[in-house]
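The sequence and structure come first.

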Amino acid sequence: MATSREYDAVVVGAGPNGLAAAIVMAEAGKSVAIFEANESAGGGVRSAELTLPGFVHDVCSAVYPLGIGSPFFRSLPLAQYGLEWIQPPAALAHPFEDGTAILVERQVETTASGLGAESASYRRVFAPLVAEWENLSIDFLAPPRWPRHPVKFARFGLSAIQPAWRFSERRFSGDRTKALFAGLAAHSMLPLEHWGSAAFGLVLGAAAHALGWPIVRGGAQRLADALTAYLRSLGGEIFLQRRVQNLSELPRSRAVLCDVTPRQLLGIAGALLPSSYQDKLKNYHYGMGAFKIDWALSAPVPWRAQECSRAATVHLGASLPEIARSERMAWRGLHANEPFVLVAQPSLFDASRAPAGKHTLWAYCHVPNGSSFDMTERIVSQIERFAPGFRKTILAPCVGGPAELERRNANLVGGDINGGAATLGQLFFRPTRHLYSTPAPGLYLCSSSTPPGGGVHGMCGYFASKRALRDLF
Ligand SMILES: Cc1cc2nc3c(=O)[nH]c(=O)nc-3n(C[C@H](O)[C@H](O)[C@H](O)COP(=O)(O)OP(=O)(O)OC[C@H]3O[C@@H](n4cnc5c(N)ncnc54)[C@H](O)[C@@H]3O)c2cc1C
């Protein structure tokens with residue numbers, strides 16, 4: 001394909017997990033090369049001028065609680081390679097129609113004190129989790145195994161396993177906090193009535209206090225660039241614009257690690273896999289898709305609750321029932337009139353993202369997998385609802401429905417941004433009970449279709465590569 005050289009390991013795909021897998025190999029002294037389909041490395045961690053010259057947009061991910069908290073990323077000298085996290089004053093804003101908003105501040109106590117009568121229940125849910133964050137995160141950012149802190153993890157698990165709706169109704173005392181929790185839990189891309197959906201709300205809510213919800217100065221691409229530069233400093237190689245159609249195209253190596261989802265693995269390695277394993281991969285379940293819009297704006301978003309400009313991330317959904325309806329509809333193949341919208345406004349905290357005085361905005365909602373329905377007007381209306389006058393600030397949009405997202409990155413099957421649904425059956429044992437290993441000797445999966453799943457943390461790549469090192473070297 002690109003080279004006649006032999007390597008200890010070859011990685012297909014340069015997303016954060018592919019890069020992490022390659023770095024683990026290189027740090028262990030192994031020769032490694034990545035083959036990436038796109039013209040730039042990063043997968044879900046890229047930036048580009050999607051709208052107008054001078055406006056830098058994050059093509060996929062934008063906000064990184066699990067990135068800054070990743071035990072693996074934290075072990076790497078990424079700051080030396082240009083990575084700079086920006087922590088907005090507040091992690092998250094959740095506005096309401098009456099012009100008020102909940103601000104999730106770095107401190108649990110400051111957040112709770114802004115909640116009035118709802119403060120005690122917020123404190124009761126999040127303070128213990130934040131206090132135990134270091135111990136708990138080691139276990140939930142890992143494949144299924146006997147937990148390092150079994151009692152604490154079991155206590156967390158009893159809450160996390162619950163449907164977010166039920167957890168929210170039982171544990172929070174007011175409608176505003178219930179809506180806040182629903183927004184956090186909706187990152188699961190599951191209906192909030194589904195078992196396990198509370199886990200996402202608890203982890204992301206606790207992470208807001210324990211780690212913050214930072215963005216990357218200069219854009220997401222800088223995180224990918226730092227990983228790439230560090231890999232190269234260790235002797236790792238990256239070949240861009242090399243879409244792997246079949247593993248036979250790759251140079252010889254002892255290990256092949258694939259940062260792809262099960263459907264693509266079937267395409268590029270199917271002939272090597274027994275039919276029973278192929279059947280399991282065929283039965284793997286992809287989740288809802290995303291419908292994303294990036295805008296160049298002439299001014300900041302005119303939030304009715306002005307304090308929303310203290311956070312890079314804003315969640316738009318008026319109540320727990322409204323957010324739950326939006327997620328349930330997308331899961332069932334329908335499109336909500338008032339979709340739950342996730343917004344990021346990085347240029348408020350990073351002047352390098354847009355020309356002076358101008359801004360970028362990033363937003364998406366969940367839609368049925370593979371949907372071709374145009375959600376643009378519904379997303380714009382939802383932002384207008386909480387920020388009247390928003391429409392007038394738009395200079396240029398760039399719209400990406402599921403098909404466009406998949407065109408940008410083949411791993412986004414049907415627009416699924418998490419490499420497969422995080423249903424209980426696929427939360428721990430993904431994509432099969434073999435996790436990273438496959439029945440083909442030397443062939444491993446290392447994408448977010450393996451534990452611990454979606455999000456930019458590199459832990460799937462880290463554990464896959466450790467597995468390969470143990471098996472083969
Ligand atoms: C719109 C959107 C918003 C998101 N927001 C956030 C967020 O704010 N925070 C967060 O933590 N996460 C977010 N995510 C999720 C996050 O981006 C992913 O979970 C993460 O990137 C998964 O990493 P990965 O390495 O497994 O796969 P990817 O990042 O998808 O990388 C896979 C790479 O493999 C390459 N590839 C695929 N097939 C082949 C092939 N055959 N040959 C060669 N190369 C191939 C692709 O081109 C790609 O570069 C978001 C995702 C999307 C799409």
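## Sheets, ligand shell and backbone

A9 has V32 of β2 standing opposite. The two strands involved, β1 (residues 7-12) and β2 (residues 32-35), pair in the parallel sense over 4 bridges. Two strands count as paired if DSSP finds at least two bridges between them. Helices (H or I, at least four residues) and strands (E, at least two) are DSSP runs, numbered from the N terminus.

The model is predicted: local features need pLDDT of at least 70, side-chain atom pairs count only at pLDDT 80 or more, and totals for chains, interfaces and linings use all residues. Residues are numbered from 1 along each chain as its sequence is written, and side-chain values use heavy atoms, with hydrogens and water left out.

β1 and β2 belong to an open sheet of 5 strands with parallel pairing, in the order β9-β2-β1-β10-β16. At its edges are β9 (237-239) and β16 (443-445), each of which pairs on one side only. Neighbouring strands here are turned by 20° against each other on average, direction ignored. Axes are lines fitted to C-alpha atoms, for helices over the stretch in contact, and angles run from 0 to 180 degrees between N-to-C directions. Helix α1 lies across β1, β2, β9 and β10 (253-258), and runs at about 165° to β2. Contact means heavy atoms within 4.5 Å.

A second open sheet has 7 strands and mixed pairing, ordered β7-β6-β12-β13-β14-β11-β15. Its edge strands are β7 (101-105) and β15 (394-400), each pairing on one side only. From one strand to the next the twist averages 20°. Within this sheet, β11 (residues 289-297) and β14 run antiparallel and are joined by 9 bridges. D294 stands opposite W362 in β14. Helix α15 (residues 376-386) packs on the sheet and touches β6 (90-95), β11, β12 (311-316), β13 (341-344), β14 and β15. The direction of α15 makes about 60° with that of β11.

Next, the ligand. There are 35 residues around it, and E36, G44, V63, N409 and G455 come nearest. By class, the shell has 15 nonpolar, 15 polar and 5 charged residues. Here Ala, Val, Leu, Ile, Met, Phe, Trp, Tyr, Cys and Pro count as nonpolar, Asp, Glu, Lys and Arg as charged, and the others, Gly among them, as polar. Helix α1 (16-27) and strand β14 (359-367) each supply at least two residues of the shell. The largest share, 3 residues, comes from α1.

| Protein atom | Ligand atom and distance |
|---|---|
| N17, polar side-chain atom | oxygen, 2.8 Å |
| V63, polar backbone atom | nitrogen, 2.8 Å |
| V456, polar backbone atom | oxygen, 2.8 Å |

Taken alone, the ligand exposes 1,000 Å², and the protein buries 94% of that. Accessible areas come from the Shrake-Rupley method with a 1.4 Å probe.

Some backbone features remain. Most residues other than glycine have a negative phi, and most peptide bonds are trans. R430 and P431 are joined by a cis peptide bond with omega about -5°; P431 sits in the loop between α17 (424-427) and β16. P451 and P452 are also joined by a cis peptide bond, with omega about 5°. P452 lies in the loop between β16 and α18 (459-472). M189 is a residue other than glycine with a positive phi, near 55°, and lies in the loop between α9 (175-185) and α10 (197-210).

Conventions: A residue is near a molecule or strand if one of its heavy atoms lies within 4 Å of it. A polar contact is a pair of N or O atoms within 3.5 Å; within protein, one must be able to donate a hydrogen and the other to accept it, and residues adjacent in sequence count only if both atoms are side-chain atoms.
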